Amino acid sequence: MTSVDAERFRAAASRFATGVTVITALDRGGEVCGMTVNSFVSVSLSPPTVLFLAKPGRTRTAIAASGRYGVNVLPDSAAALSSHFAGRGQARLDLRYESTDGLPRLPDCVAFFACSVVRQIDVGDHAMLVAEVTACDHRDSTPLVFFGSRYHHGAGEPALET
Ligand SMILES: Cc1cc2nc3c(=O)[nH]c(=O)nc-3n(C[C@H](O)[C@H](O)[C@H](O)COP(=O)(O)OP(=O)(O)OC[C@H]3O[C@@H](n4cnc5c(N)ncnc54)[C@H](O)[C@@H]3O)c2cc1C
């Protein structure tokens with residue numbers, strides 16, 4: 001097998017543009033925890049299924065205990081929120097949460113998915129957490145985009161064809 005230089009791999013992978021989500025969960029004590037994630041994927045329509053990849057940490061531990069997570073798709077005004085939930089935040093944020101289907105959600109997200117884990121697949125030190133969607137909603141606003149290791153506004157001219 002060829003060995004690929006880690007920096008080269010990182011740089012190439014960063015050219016895949018994604019949205020940005022905050023995964024929220026309740027820990028054993030009922031406290032909200034969350035982490036920034038861009039590995040979120042919608043998998044199947046029937047049953048409605050999604051997944052994301054989680055490294056070990058507080059949020060993954062909470063999800064393992066409850067079997068549930070919420071996916072908050074961030075609007076383009078939420079770069080500071082994304083940095084905060086990646087453990088990189090500088091600003092002190094006044095956070096409040098709403099609730100959908102028993103899961104904490106951030107106000108003003110572009111879309112929200114309430115999820116119940118149906119399968120865990122371990123990949124290296126990450127776990128792929130496959131989940132069935134038990135509730136979801138969305139609103140028409142511009143998403144935050146992550147590309148080239150930087151945040152971008154999601155607004156742009158629609159492509160000619162999909
Ligand atoms: C664009 C981007 C995409 C990423 N994608 C992924 C990915 O797909 N998979 C992955 O594993 N990692 C990803 N990361 C890295 C991940 O966000 C961090 O490693 C994160 O710190 C892991 O969260 P944790 O719960 O394990 O750790 P923690 O350090 O416990 O939590 C992360 C941060 O959230 C804050 N926080 C948690 N709960 C609350 C709360 N209730 N109220 C206020 N603040 C709270 C903490 O203070 C901490 O600063 C991504 C990071 C970025 C910037």
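A polar backbone atom of Lys55 lies 2.8 Å from an oxygen atom of the ligand. This is a predicted model: local features need pLDDT of at least 70, side-chain atom pairs count only at pLDDT 80 or more, and totals for chains, interfaces and linings use all residues. Residues are numbered from 1 along each chain as its sequence is written, and side-chain values use heavy atoms, with hydrogens and water left out.

Backbone atoms of Thr36 and Asn38 also make polar contacts with the ligand (pairs of N or O atoms within 3.5 Å; within protein, one must be able to donate a hydrogen and the other to accept it, and residues adjacent in sequence count only if both atoms are side-chain atoms).

| Residue | Ligand atom | Distance |
|---|---|---|
| Thr36 | oxygen | 2.7 Å |
| Asn38 | nitrogen | 3.1 Å |
| Lys55 | oxygen | 2.8 Å |

On its own, the ligand has 980 Å² of accessible area, and the protein covers 77% of it. Accessible areas come from the Shrake-Rupley method with a 1.4 Å probe; for residues, only the protein chains shown count as cover.

The ligand takes up the space of the largest pocket. A pocket is found on a 1 Å grid over the protein atoms alone, as an open set of points where a 1.4 Å probe fits, with protein on both sides within 12 Å along at least five of seven lines. A molecule sits in a pocket if more than half of its atoms lie within 2 Å of its grid points.

Which elements give two or more residues to the shell around the ligand? They are β3 (32-37), β5 (49-54), α2 (58-66) and α3 (79-85). Helices (H or I, at least four residues) and strands (E, at least two) are DSSP runs, numbered from the N terminus. β3 gives the largest share, six residues. In total, 24 residues surround the ligand, each with a heavy atom within 4 Å of it. The closest are Val32, Thr36, Ser39, Thr59 and His84.

Now the strands. Two strands pair if DSSP finds at least two bridges between them. β6 (residues 68-73) and β9 (residues 111-123) run antiparallel, joined by six bridges. Here Val73 stands opposite Ala111. Twelve bridges link β9 to β10 (residues 126-138), again in the antiparallel sense. Asp122 has Ala127 as its bridge partner. β9 and β10 form a hairpin with two residues between them, and Gly124 in the turn has a positive phi of about 60°.

Another sheet is open, with three strands in the order β1-β11-β12 and antiparallel pairing. Its edge strands, β1 (18-19) and β12 (150-153), each pair on one side only. β11 (residues 144-147) meets β12 through four bridges. Leu144 stands opposite His153 in β12. β11 and β12 also form a hairpin with two residues between them, and Gly148 in the turn has a positive phi of about 60°.

Two loops deserve a look. Most residues other than glycine have a negative phi, and most peptide bonds are trans. The peptide bond from Ser46 to Pro47 is cis, with omega near 0°. Pro47 lies in the loop between β4 (41-44) and β5. Asp101 is not a glycine, yet has a positive phi of about 50°. Its loop runs between β7 (98-100) and β8 (103-105).

Definitions and conventions
1 Å grid on protein atoms, 1.4 Å probe; cavity = no way out; pocket = protein on both sides within 12 Å on 5 of 7 lines; lining within 4 Å.
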